[in-house]
Amino acid sequence: MSHSPLPVIRCQVLVVGSGAAGLTAAIAAARNGADTLLVENAGFLGGISTTLPWLGFHDRDFRLVVKGLPLEFCQRLQRLGAASDFEFDPKCASAISIESHWWKILAMQLVREAGVKLLLHTQVVATLREGDRIRGVEVENKSGRQRIEAEVTIDGTGDGDVAARGGVAWAKGRTGDGLVQSPTLVFRLGGVDRAAFIAGCKDPANRYREWLTPYPDLWDKMMRRIDRMHVIVCGGYAALVERAREAGDFNVPQTRIVGVKHHVADQFTVVMTRVLGLDPTNIHSLTDAYTRVYEQIPVLVRFFRSYVPGFARAQLLEIAPMLGVRESRRIMGDYVLTAEDLMAGRVFDDAVGMGGYHIDIHRPAGTWVDSHNVKAYTIPARSLIARDVDGLLMAGKCLSATHEAVASTRVIPICMAQGQAVGTLAALAVKRGLAVRGVPIAALQDTLAGQGAEIGRTVGEPNRQAIDEVGQLPFNEPPTTGDQDTVSASETAWVR
Ligand SMILES: Cc1cc2nc3c(=O)[nH]c(=O)nc-3n(C[C@H](O)[C@H](O)[C@H](O)COP(=O)(O)OP(=O)(O)OC[C@H]3O[C@@H](n4cnc5c(N)ncnc54)[C@H](O)[C@@H]3O)c2cc1C
């Protein structure tokens, strides 16, 4: 059998993965004049961002710290009638709920408007590396295998697939055992009785927003707003879950109701399936996780109908098209962002984006979460440039950060802000004929700021009105309760 050379596709900027990060990167690169190709394994754009509310546009002072393209996406969705206004929340700062199908439609439209070329249902299977230079990737799809040659490649796979296949350094999971945050297959319920649901939230015994329980003033403020809130973030109801477990009606490794009441009056997004001990880069572990979460969904639907106020007539509307993997490979870059940077609200000289979402770790091997509040922080360009090689950038879940830091930077708007930064950096590099490290940082920062991105120049003062109305949790909250490590032989998803 003879082997003919692979067909070659050429572009200036190649983006792999069209989640919040990759999609935004591709649009930014193309808008800044680069011939851009976006490669995506699925048959739609947006990755996991399509099925969730977007959290983390604001910091704990309720200041908008993510602007630029992510904010433009919100505004376009709002004009379509497919997104709520921002709703402030003492723990998450803000939430905006979106209609998943309209976001998929808009994402496709944005890509086409920007002139991004697209290859869907196409998976990266190898990375082209010459010495220390990443030259593109090999992909596999219905047409067979192709070579894609690019001047700059952006890894937006969430798993660092391009980096890993190119021999670039990466890390995975927490220090010690390497376990990553537990994953969740998200699903959406319809037929929710909004008034009955809110009545349930108002019952203090349910502790629907558990973070507020120790702070009666914050609880009172929430109760004054809740009837008119469009988006209601829910993390509590522990006693109800326990009651169902004792009755034999609940066997999911989850101890709280976690989810979001949509701006669409009768809809609720459930974020409660859970697998302990996933290895997201091991196909056996991943497949095992899918089988488990699909078993959990009927249990959870029955639980909602039988136990949770407002859900007696709830219907299963949508199951997310992909398992929500909160954490996977983190590509090592020129700088590794740390939890300390976030908690100190560090301002880097090479800031190209901002974030303010709290550190939110869904325990890898236990129930509930570990959490720490942060100050509005910047993201340095160096955390988006892969170490020891030329021509490879990354954004989103796989940026260069520690297990703890990525637990904040991973939320959708902050992934998008990183995407805008790397897409713009890649375009400037190819237009000027420079390596990505050769692009003057001031030129990148001025371009980003000129295109509306927040890099720390226009954040302004704390939003006093919102602080008065919503209240603030203390910066140092007491540690969360619950078991830390319950991976047992029967619960472990690792398949060795
Ligand atoms: C269960 C869950 C709940 C969450 N809740 C919220 C929330 O309420 N609000 C919020 O703001 N954030 C939330 N997050 C965080 C946030 O949704 C994600 O971290 C973020 O969307 C990640 O974006 P990304 O672009 O890095 O990755 P992804 O969305 O994972 O996108 C990666 C894309 O790359 C593609 N891809 C992967 N490998 C390849 C390959 N080899 N070749 C080609 N394509 C490939 C994938 O198909 C996918 O489209 C949640 C996360 C999870 C998992």
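Buried means under 20% relative accessible area, exposed means over 50%, and partly exposed is what falls in between (1.4 Å probe, protein chains only). These legends describe a predicted model, where local features need pLDDT of at least 70, side-chain atom pairs count only at pLDDT 80 or more, and totals for chains, interfaces and linings use all residues. Residues are numbered from 1 along each chain as its sequence is written, and side-chain values use heavy atoms, with hydrogens and water left out.

View 1. Domain 1 brings 25 residues to the contact and domain 2 brings 25 residues, where contact means heavy atoms within 4.5 Å. The size of an interface is often given as the accessible area lost when the parts come together. Here about 1,900 Å² is buried between domain 1 and domain 2, and carbon and sulfur atoms give 56% of that area. Buried area is the accessible area (1.4 Å probe) that two parts lose on being put together, summed over both. The interface of domain 1 and domain 2 also holds two salt bridges, a salt bridge being a side-chain nitrogen of Lys or Arg within 4 Å of a carboxyl oxygen of Asp or Glu.

**View 2. Arg228 meets Glu469.** Let us stay with charged pairs. The closest N and O atoms of the salt bridge between Arg228 and Glu469 are 3.9 Å apart. Arg228 sits in the loop between H6 and strand E12 (232-236), and Glu469 belongs to helix H13 (residues 464-470), so this pair ties together parts that are 241 residues apart in sequence. Helices (H or I, at least four residues) and strands (E, at least two) are DSSP runs, numbered from the N terminus. With a relative accessible area of 55%, Arg228 is exposed, whereas Glu469 is partly exposed at 37%.

View 3. The side chains of Arg256 and Glu210 form a salt bridge at 2.6 Å, N to O.

View 4. Arg245 and Glu242 meet in a salt bridge of 3.7 Å, N to O. These two residues are three apart in helix H7, which means that about one helical turn separates them. Arg245 is partly exposed, with a relative accessible area of 28%, and so is Glu242, with 34%. Elsewhere, Arg10, Arg147 and Glu149 are linked in a network of salt bridges. A search of the whole structure finds 31 salt bridges.

**View 5. The buried side of helix H6.** Which residues of H6 are buried? They are Leu218, Trp219, Lys221, Met222, Met223 and Arg225. Their cover includes strand E4 (87-89), H5 and H13.

**View 6. The surroundings of Thr157.** Thr157 is in the loop between strand E9 (144-155) and helix H4 (161-165), and is partly exposed, with a relative accessible area of 22%. Leaving aside neighbours within four places in sequence, Thr157 is in contact with Val16, Gly17, Val162 and Cys398. Thr157 and Gly47 are 110 residues apart in sequence, and their C-alpha atoms are 9.3 Å apart in space.

**View 7. Two loop residues with positive phi.** Phe62 is not a glycine, yet has a positive phi of about 60 degrees. Phe62 lies in the loop between strand E3 (54-55) and helix H2 (68-79) and is buried, at 3% relative accessibility. Arg207, also not a glycine, has a positive phi of about 45 degrees. Arg207 is found in the loop between H5 and H6 and is partly exposed, with a relative accessible area of 40%.
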